[in-house]
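Here are my notes for your read-through. Please keep the model open beside them and check each point as you go.

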Amino acid sequence: MLEVAQIFRLHGPQYREKFGDRMLPSHHRAMQDIETCRTESLGGQVYYCDNCKEQRYSYHSCKNRHCPKCGNEQANAWLDLQQNLLLLIPYFLVTFTLPAELRALARSNQRLIYNLLFRTSSQALLKLARDPRFVGGRIGMVGVLHTWTRQLIYYPHIHFIVTGGGLTNDGRWRASRTDFLVHQQPLAIIFRAKLRDELKKCGLFAPLDQRLWKKDWVVDCEPVGTGAAAFKYLAPYIFRVALSNRRLVSLTDGNVTFKYKESATDQIKSCTLTAQEFIRRFLQHVLPPHFIKVRYYGLLSPRQRHLLHRVRLLLAPPATKPISVTESENSGRLREPLLCPRCSNQLTLRGPLKPKHPRPP
């Protein structure tokens, strides 16, 4: 099966030669990690089959969060950690999209603009939800940053999973309608105004096209059902990378073809790019080092967990079982032993393999 690592190994040297002096250190590191992930360069273990004398090599993962081979296995672990955040109420998915006119600015100032995108969108939603015409209380929300479309185009936006109700100032729970949280148009207007003010403070406002502040911005709000369903929906966005290996179709004559699902029609289509353009598109979604792409606000903020506990007491009957995001029988399951690919006999660990080229810290 074709992998992103193969494309990087074959065409990465040419890309580095052409753009290396302009590449961010995080882009260099992502390429290096993806190229060496689960290869002898990182070392690993060697297993032996006593039955058919087969040897099997298991190499270490790079653990880079942008690697297509790493990360997805963490989704279930994250879901387990969210159990204490769930309430027996409807939830909503609210998405804030950065306008096209600001995307070049975001690419050049990723850490700053991504932080502002989180701050202004969360403040706008918390503010409007407190309006008595809508929720009239303090909501809870968890957001994740997403920067790509299915064709790897740069498209920064944030998905928020939001509680369908909030805690009022006098300590009561006020539920929203099951099919409506807040109006999208005023939410977009507040979001636009807050981001405009933040850009003025940072000195990035003046060079922008001022028509941007008169156009409609895109904010979407829709119900997503129970909390368990909402968090299961969000989990892949947290650990998914810009493009998985299974979407790759071919690498021919320096061109990469991958498949994607068209949002409007749900049809599977293909996109063909030069290898150099493919690498460029992939790397523009590499986040700044140590950037936190999942953030909690309102009742779900770590500082407000005491209020979340109060809400749970208000909503839940005395003997309610705790909500489980994943099946209980899956939790704590032991890792299954490795089996020989030839005879299915259990493999025996023979010893470690030292890295061929140890990575720098």
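**Notes on the model**

1. Cys221 has 14% relative accessibility, so Cys221 counts as buried. Buried means under 20% relative accessible area, exposed over 50%, and partly exposed in between (1.4 Å probe, protein chains only). Cys62 is buried too, because its relative accessibility is 4%.

2. A word on the source. This is a predicted model: local features need pLDDT of at least 70, side-chain atom pairs count only at pLDDT 80 or more, and totals for chains, interfaces and linings use all residues. Residues are numbered from 1 along each chain as its sequence is written, and side-chain values use heavy atoms, with hydrogens and water left out.

3. How many disulfides are there? A disulfide is a pair of cysteine sulfur atoms within 2.5 Å. The count comes to zero. The sulfur of Cys62 has its closest cysteine sulfur in Cys67, but the two are 3.7 Å apart, so they are too far for a bond.

4. Now the whole chain. Of its 361 residues, 48% are buried. The chain has nine helices and 13 strands. These are DSSP runs numbered from the N terminus: helices are H or I with at least four residues, strands are E with at least two. The C-alpha trace spans about 70 × 60 × 40 Å along its principal axes.

5. Look at α7 next. It has 13 residues and reaches 19 Å from first C-alpha to last, close to the 18 Å expected. The expected span is 1.5 Å times one less than the number of residues. Its buried residues include Phe231, Leu234, Tyr237 and Ile238. Among the elements covering the buried residues of α7 are α3 (74-81), β3 and β12 (294-298).

6. Then the largest pocket. On a 1 Å grid over the protein atoms alone, a pocket is an open set of points with protein on both sides within 12 Å along at least five of seven lines; a cavity is a set where a 1.4 Å probe fits but cannot get out; lining residues have an atom within 4 Å of a point. The largest pocket is lined by 34 residues, and His146, Arg150, Tyr237, Arg240 and Ser263 lie nearest its centre. Elements giving two or more residues to this lining include β4 (140-148) and α7 (227-239).

7. Last, the cavity. The largest cavity is lined by His66, Trp148, Val241, Ala242, Phe282, His285 and Val286.

Technical notes: Contact means heavy atoms within 4.5 Å.
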